[in-house]
Amino acid sequence: MKKVVLVTGASGNLGKAVVEKFLTKNCLVYGTQHQSIIDEEKLNENFIPIELDLLNENNAHHLVHQIIESNGNIDAAVLTAGGFTMNDIAKTSTKDLYQQYQLNFETAYNIARPVFVQMLKQNYGRIFLIGSQAGLDVSKGKGVTAYALSKSLLFRLAELMNAEAKGKNVSVIVIVPGTIYTPQNRKDMPDADFSKWVKPTEIADVINFYTTPEADIIKESVVKVYENS
């Protein structure tokens, strides 16, 4: 029986790498994106693209229920959707805070909650949230106030979910990447040492490992994937 994997932000750099990784493992992959985008994954019979606004809680819950009705379970959910903004405290308004809260926390929570409830019922599952160094370490959050605060909530969410899942084979893991090697980051930081950055495919490999039986004994809620960045 194929593993069922749900990936949000499937058309982004990391999301696309995660989709491709699980497809190579012959998983059935549902990939959400904000707009319909034609790409190679859609030619794969194991990939089901979903156009979804993750800020719509009812639609997010409906999607999860559809996947459950069709397959009976969800083995893993990788929630890569999010956003980024800069500015220190002096320049960060409550509007800025709310925007980043929506992009980085609400989009994750709207999917994570119904998936988590299902995983508790089936007594198995892995949920991956994408954190950040700025959200984990306050010293890294300087100059990115709204982003850091919104990402920090993902760590607390994982802690709360893992506390509720104690005794069951359900884990919520926050992946904390270093600087990710993407075209946008190369453009924004042209003088950086790209060799120290972590590739989306490397992050996807780590995520895949944590869904294997070999990783069942590992109870690590925060996984740092920094390379040398």
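The following legends describe close-up views of a predicted model.

**View 1. Packing of helix 3 against helix 5.** Helix 3, spanning residues 94-122, packs on helix 5, spanning residues 145-164, at an angle of about 20 degrees. The two axes lie 8 Å apart. Because angles under 35 degrees count as roughly parallel, helix 3 and helix 5 are roughly parallel to each other. Their crossing is right-handed.

**View 2. Residues at the contact of helix 3 with helix 5.** Helix 3 contributes Asp96, Leu97, Gln100, Tyr101, Asn104, Phe105, Ala108, Tyr109, Ala112, Arg113 and Phe116. These meet residues of helix 5 that include Ala146, Tyr147, Leu149, Leu153, Leu154, Leu157 and Met161, as well as Ser150, Lys151 and Glu164. By class, the contact comprises 14 nonpolar, three polar and four charged residues.

**View 3. The largest nonpolar core.** This core holds 36 residues, of which Leu6, Leu79, Ile111, Val115, Phe116, Ile127 and Leu129 touch the most other members. Two or more residues are given by each of strand 1 (4-8), strand 2 (28-33), helix 2 (57-71), strand 4 (76-79), helix 3, strand 5 (124-130), helix 5 and strand 6 (169-177). Helix 3 supplies the largest share, eight residues.

Conventions
Residues numbered from 1 in each chain as written. Predicted model: local features only at pLDDT ≥ 70, side-chain atom pairs only at ≥ 80, totals over all residues. Heavy atoms only, no water. Axes fitted to C-alpha atoms, helices over the stretch in contact; angles between N-to-C directions. Helix = DSSP H or I, 4+ residues; strand = E, 2+ residues; numbered from the N terminus. Parallel < 35°, antiparallel > 145°, perpendicular 65-115°, else oblique. Left-handed = near helix turned anticlockwise from the far one by under 90°. Contact = heavy atoms within 4.5 Å. Nonpolar A, V, L, I, M, F, W, Y, C, P; charged D, E, K, R; others polar. Core = buried A, V, L, I, M, F, W, Y, C linked by side-chain atoms within 4.5 Å. Buried < 20%, exposed > 50% of the residue type's maximum accessible area, 1.4 Å probe, protein only.
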